[in-house]
Structure formats: C-alpha cells, structure tokens
Amino acid sequence: MSKKGDFEAVRKDIAELMHQPEYDDGSAGPVLVRLAWHSAGTFDAETDTGGSNGAGMRYEAEGGDPANAGLQHARVFLEPVKDKHSWITYADLWTLAGVVAIKEMGGPTIAWKGGRTDYVDDSKLPPRGRLPDGAKGADHLRWIFYRMGFNDQEIVALSGAHNLGRCHSDRSGFEGAWVNNPTQFSNQYFRLLLSLQWRKKTLKSGIEQFVNFDEDSETELMMLPTDIALTQDKSFRKYVELYARDKERFFEDFSRVFAKLVELGIQRDADGNITNTDNEKGGYHA
Ligand code: DDH
C-alpha cells in the first residue's frame, strides 16, 4: 500500500508488469493502451456523456460492448496494482496505465493528471456503437472522432497507436499486427502504410482486411480498412505523409492528442481538481 496520491509508486508497478512472456508479443503494453483509449473514446461532446471518468467498463452495459472484447486481459493485468494501491480509482489507473505503457515501449512522455472517480452517473453512460468500426471508411472516422472534438490531424496522430499490438480473431475478428515490432512505439505504421503494397484479403470468417506478405521474412502484416482509408482521403493523407517522414513531429502530436483523449469530459478547477463529478451521489461505487 502506498500513500494516497503517490502516483509515482503506481507508475512504477505498472511499468513492472509490462513484461509478460506468456502473453501475445511478450508485453501487456499494447492492450493497456487500448484499454485507456476505449475507456475515454466513448465521449460525446454534445451531450457530455461517456469518457474515462467513472470507469464504466467494469459494468456489463459498457464492458460487454463487442468493441471492448479482450480488454478484460488488460483489466486483469492491472488488478494486482489496484490491490496494492487501493486508493487509486480504476478510471485513473486505466488511463495512467496507457500513458505509462506508451512511455515504456519507447513512446513520448504524455501529460497525465489524476482525480477521476469511479462513480458512474447512469445518465452519462455511453450507448454502444461509439467506438470506431475497423471495417468502415473515412466518413465513419470523422463521424466518430469529430463527436469527441478531434480534427483530421488529430485523428491521424491517434491512429498511429496502431504501431502497437495486434488484432485477434477471437476479439475483433481481424488478424495480425500492423508492424514487425509491435511492442516498440514508432512511426513505422505510417511508413508502412505508404511504402508497402496492401491487398485486400478475405478471412475465413468473411471479414475483409488488407495484408502485405514479405517473401524474405515470410511475415504477413495487416491494415484495417479504416487504416487504409487514411491514405485514400486527401486531408488525412497529408498527415500520414507528415508523420511518416517526421518521427519527432509524430511523437509531439501523439503526446498532445493522447493527453487530450484521456481528459475528454473532465473539467478541472485551477488546482487541477475535477469539478464535474459527484462521488457522493450514489450510483455504482468501486
Ligand atoms: Fe485500435 N484497434 N482502432 N486504436 N488499437 C485494435 C487494436 C488496437 C481501431 C480498431 C482496432 C485506435 C483507433 C482505432 C490500439 C490503439 C488505438 C483492433 C484489434 C481493432 C479492430 C483488437 C483485437 O482484435 O484485439 C479502429 C477502427 C480505430 C480507428 O478508427 C481510428 C486509437 C485511436 C488508439 C489509441 O490508443 C489512441 C491498440 C494499442 C491496439 C492493440 C491492442 C492489442 O491487444 O494488442
């Protein structure tokens, strides 16, 4: 047990659980990043619903959304950290884990503030269908991400998270990794989007994705239809080109936009205290 508010102690323990030789590519990192993103990416600016505050994914309404399939692995990895530092809320732990994982995998430092609560306001629960569908195109991406308050450049920067991790046929139905080294954060995803030939492949399940098979290394990499859409839409493509040639710029922009993602729906006073939540009001508590 650490002192309440000792986020440094929590960061240290998250970093220590990253190495998971039995899991996927040997790292818990990518699925932790996806947990942070899905906890926050339900936000709707217009109705001020969804977002990371409340950690609603603990409950069936949100956790059972097919878009969140597989994220229980991330939550299970983090459970010993929650046990040890029981003062931390799940909402803080999940978002902090994403930020720590990105840094541990060689990515940028991302600004993060604590204070989220685990109080779920029923009236703010996000309906299903707020997270993106990889089978769709550029219009869908705009519809999903403009709703959260992101612009085209931010959509492309955020998509660079697909440098990490992989698709699992038993989770999303898609299969494979985007890059050769999926536990190393870089701008490789953007470079491969532009430099390789991507051909459509229909999986046994009938799901369509894009693949590139490299004869020399006998490895197959993949892209989702939504990833390919970034190269086909003029406004998106110019940022794919920018981030493919300028890794520093990608790291800077990604850092800013991921920090924005995990703050969606959160209002703070001058001292950084969250003002738009009421932990005493009842509802679900951790
Ligand atoms: Fe993603 N993502 N994502 N993604 N994502 C998947 C995996 C990972 C989409 C679909 C999928 C972001 C944007 C999009 C990560 C981070 C981020 C999978 C595979 C699908 C499908 C899941 C599975 O089978 O296990 C789509 C569509 C979009 C979009 O439209 C833009 C964003 C914004 C992020 C982010 O973090 C900022 C990560 C990391 C993974 C790898 C997870 C793992 O277990 O490995």
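A residue counts as buried when its relative accessible area is under 20%. By that rule, Y90 and W94 are both buried. The structure described here is a predicted model. Its chain is divided into domain 1 (7-131) and domain 2 (138-254).

- The centres of domain 1 and domain 2, taken over C-alpha atoms, are separated by 22 Å.
- On the domain 1 side, 25 residues are in contact with 16 residues of domain 2.

**The nonpolar core**

- In soluble globular proteins, nonpolar side chains tend to be buried together.
- Here the largest nonpolar core has 82 residues.
- Helix α5 (residues 90-104) supplies the largest share of this core, 10 residues.
- Because domain 1 (7-131) and domain 2 (138-254) both give residues to the core, it lies between them.
- I14, L32 and F258 are the residues with the most contacts inside the core.
- Leaving aside residues up to four places away in sequence, I14 touches L32, L78, V81, L93, L96, A97 and V100.

**Aromatic rings**

- A pair of aromatic rings is described by the distance of the centres and the angle of the planes.
- The structure holds 16 aromatic pairs.
- One of these is Y90 with W94: the ring centres are 5.9 Å apart and the planes are at 55°, so the pair is tilted.
- Y90 and W94 are four residues apart in helix α5, and therefore about one helical turn separates them.
- The rings of Y243 and F250 also form a tilted pair, because their centres are 5.6 Å apart and their planes are at 55°.
- Y243 has 0% relative accessibility, so it counts as buried.
- F250 counts as buried because its relative accessibility is 0%.
- Y243 and F250 belong to one aromatic cluster, which also includes F185, Y189, F190, F251, F254 and F258.

**Charges over rings**

- K82 lies over the face of Y90, with 4.8 Å to the ring centre.
- R142 lies over the face of F236, at 4.2 Å from the ring centre.

**Helix α6**

- Helix α6 spans residues 138-148.
- Eight of the 11 residues of α6 are buried, so this helix is largely enclosed by the rest of the structure.
- The buried residues of α6 are A138, H140, L141, R142, I144, F145, R147 and M148.
- Among the elements that cover these buried residues are α2 (29-40), α7, α9 (225-232), α10 (234-245) and α11 (247-261).
- H140 lies in this helix.
- H140 has a relative accessible area of 11%, so it is buried.
- Not counting residues up to four places away in sequence, H140 touches P132 and D133.
- Just after α6, G149 takes a positive phi of about 100°.

**The iron site**

- Which residue gives the iron atom of the ligand its single donor from the protein? That residue is H162, through its NE2 atom, 2.1 Å away.
- H162 is found in the loop between α7 (152-159) and β1 (166-167).

Methods
Residues are numbered from 1 along each chain as its sequence is written. This is a predicted model: local features need pLDDT of at least 70, side-chain atom pairs count only at pLDDT 80 or more; totals for chains, interfaces and linings use all residues. Side-chain values use heavy atoms; hydrogens and water are left out. A nonpolar core is a set of buried Ala, Val, Leu, Ile, Met, Phe, Trp, Tyr and Cys residues joined through side-chain atoms within 4.5 Å. Buried means under 20% relative accessible area, exposed over 50%, partly exposed in between (1.4 Å probe, protein chains only). Helices (H or I, at least four residues) and strands (E, at least two) are DSSP runs, numbered from the N terminus. Domain bounds come from an automatic or database domain assignment. Contact means heavy atoms within 4.5 Å. Rings of Phe, Tyr and Trp (its six-membered ring) pair if their centres lie within 6.5 Å; planes under 30 degrees apart count as stacked, over 60 as edge-to-face and the rest as tilted. A charge sits over a ring if NZ of Lys or CZ of Arg is within 6 Å of the ring centre and within 35 degrees of the ring normal. Donors are N, O and S atoms within 2.8 Å of the metal (3.2 Å for Na, K and Ca); water is not among the atoms, so sites may look incomplete.
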